[in-house]
Amino acid sequence: MPDQQGDLRLAVIGVGVMGAFHADRLSRVVRGARVSVVSDARAEQAELIAGKITGSRVEPDPLAAIGADDVDAVVIASPGRFHAEQVAACLDRGIPVLAEKPLTTDAESAYRIVRQEAALPSPLIQVGFMRRFDTEYVKLRELISSGDFGEPLLLHCVHRNPGARPEFDSSMMITDSVVHEVDVVRFLFGEEISSVQVIRPTATPGTPDGQSDPMLVLLTTEGGRVATVEIFARSGAGYQVRTELVGSAGSALIGLDRGMITTERGAAGVGRSEAIAPNFIERFATAYTTELQRFVDAARDGGIDGPGAWDGYAAAAVCEAGVEAVRTGERVPVRLQPRS
Ligand code: ISE
């Protein structure tokens, strides 16, 4: 698979904020890889990013990029609605793919992908849940596995973004933001989520009419463990992602950044402590890089190394229930298809 220099040749599909970051890391930091093809619906953006990467070319048609002779593996960071078709094309060609979340935008299409992959000799899809590569999340999972904190009982998660576009509505807060906690809960508890409930407190000023921000999401697992998630997209104060585990014999908190953290929104704008990461790229930069390196290392042998198609499907199913829970205010069960 790799080229004569031994590098894995990658197509990066979609080079907005996330895809451009991946392309940059793959071409400058990740070992054993190079970006050979850049694809984006916006020609100027594709040219801009390819222009920064020696040896890369632009291919406007994503499916042609996936099928190209100078492509051994693919990173998909296009808008979620294109993922189903693009991931399926990678499977048809039999090459490894790292798909940014969401795997697809609904549970039904995600399950079709699971079935398509299951018919292949080995898994080819890795899903971009980067928190699984963050050292603090990894440590928290090790702590749980060690049994030192007893039985894991509760998780308290905080997920605050500095701001959001007007079209970032309550449903998107579930499918685009809370989807990370959905994966974290499955990763840390090692169980499927069986129901979702959403509580909608008074909205912060600036929340579009009819929408809720912040929201409180309750995720219950099949073993009866519970996670609370505060999602606050328009918090006005830095990027804060914290997770606290409560076990029967101890508790542990991650995501505090460094030092005392105070935030305020003053008349002159937004103030924040220097310790708070301003956005998700900075907060998770190292995790993204580890994720890419692990993907490249595995893809060179024709495989993947990280959360897979089933994780993407399960997250899609939970988020679908979550969107319904926003609408109804009810506790909504999650119904998963058979795993194999
Ligand atoms: C964004 O798409 C991400 O994936 C970030 O990690 C998350 O914090 C943010 O809320 C999403 O919009």
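Helix H7 (residues 170-189) gives the largest share of the shell around the ligand, three residues. Helices here (H or I, at least four residues) and strands (E, at least two) are DSSP runs, numbered from the N terminus. This is a predicted model, in which local features need pLDDT of at least 70, side-chain atom pairs count only at pLDDT 80 or more, and totals for chains, interfaces and linings use all residues. Residues are numbered from 1 along each chain as its sequence is written, and side-chain values use heavy atoms, with hydrogens and water left out.

**Around the ligand**

- The ligand is surrounded by Lys101, Met130, His159, Asn161, Phe168, Asp176, Ser177, His180, Tyr239 and Phe280; a residue is near the ligand if one of its heavy atoms lies within 4 Å of it.
- By class, this shell holds four nonpolar, four polar and two charged residues. Ala, Val, Leu, Ile, Met, Phe, Trp, Tyr, Cys and Pro count as nonpolar, Asp, Glu, Lys and Arg as charged, and the others, Gly among them, as polar.
- Polar side-chain atoms reach oxygen atoms of the ligand from His159 at 2.6 Å and from Asn161 at 2.5 Å.
- For Ser177, an N or O atom in the side chain is 2.6 Å from an oxygen atom of the ligand.
- On its own the ligand has 300 Å² of accessible area, and the protein covers 88% of it; accessible areas come from the Shrake-Rupley method with a 1.4 Å probe.

**Helix H6 against helix H7**

- The axes of helix H6 (residues 135-146) and H7 come within 9 Å and cross at roughly 35 degrees. Axes are lines fitted to C-alpha atoms, for helices over the stretch in contact, and angles run from 0 to 180 degrees between N-to-C directions.
- Tyr137, Leu140, Arg141 and Ile144 in H6 meet Val184, Phe187 and Leu188 in H7, where contact means heavy atoms within 4.5 Å.
- That contact has six nonpolar, no polar and one charged residues.

**The sheet**

- Seven strands form an open sheet with mixed pairing, in the order S12-S11-S7-S10-S9-S8-S15; two strands pair if DSSP finds at least two bridges between them.
- Its edge strands are S12 (250-254) and S15 (332-333), each pairing on one side only.
- Strands S8 (residues 193-199) and S9 (residues 215-221) run antiparallel, joined by six bridges, and Val198 has Val217 in S9 as its bridge partner.
- Helix H10 (residues 309-328) packs on the sheet and touches S8, S9 and S15, its direction making about 30 degrees with that of S8.

**Cis peptide bonds**

- Lys101 and Pro102 are joined by a cis peptide bond with omega about -5 degrees; Pro102 lies in the loop between strand S5 (97-99) and helix H5 (107-118).
- Another cis peptide bond joins Asp213 and Pro214, with omega about 5 degrees, and Pro214 sits in the loop between S8 and S9.

Technical notes. Polar contact = N/O pair within 3.5 Å; in protein donor to acceptor, adjacent residues only side chain to side chain.
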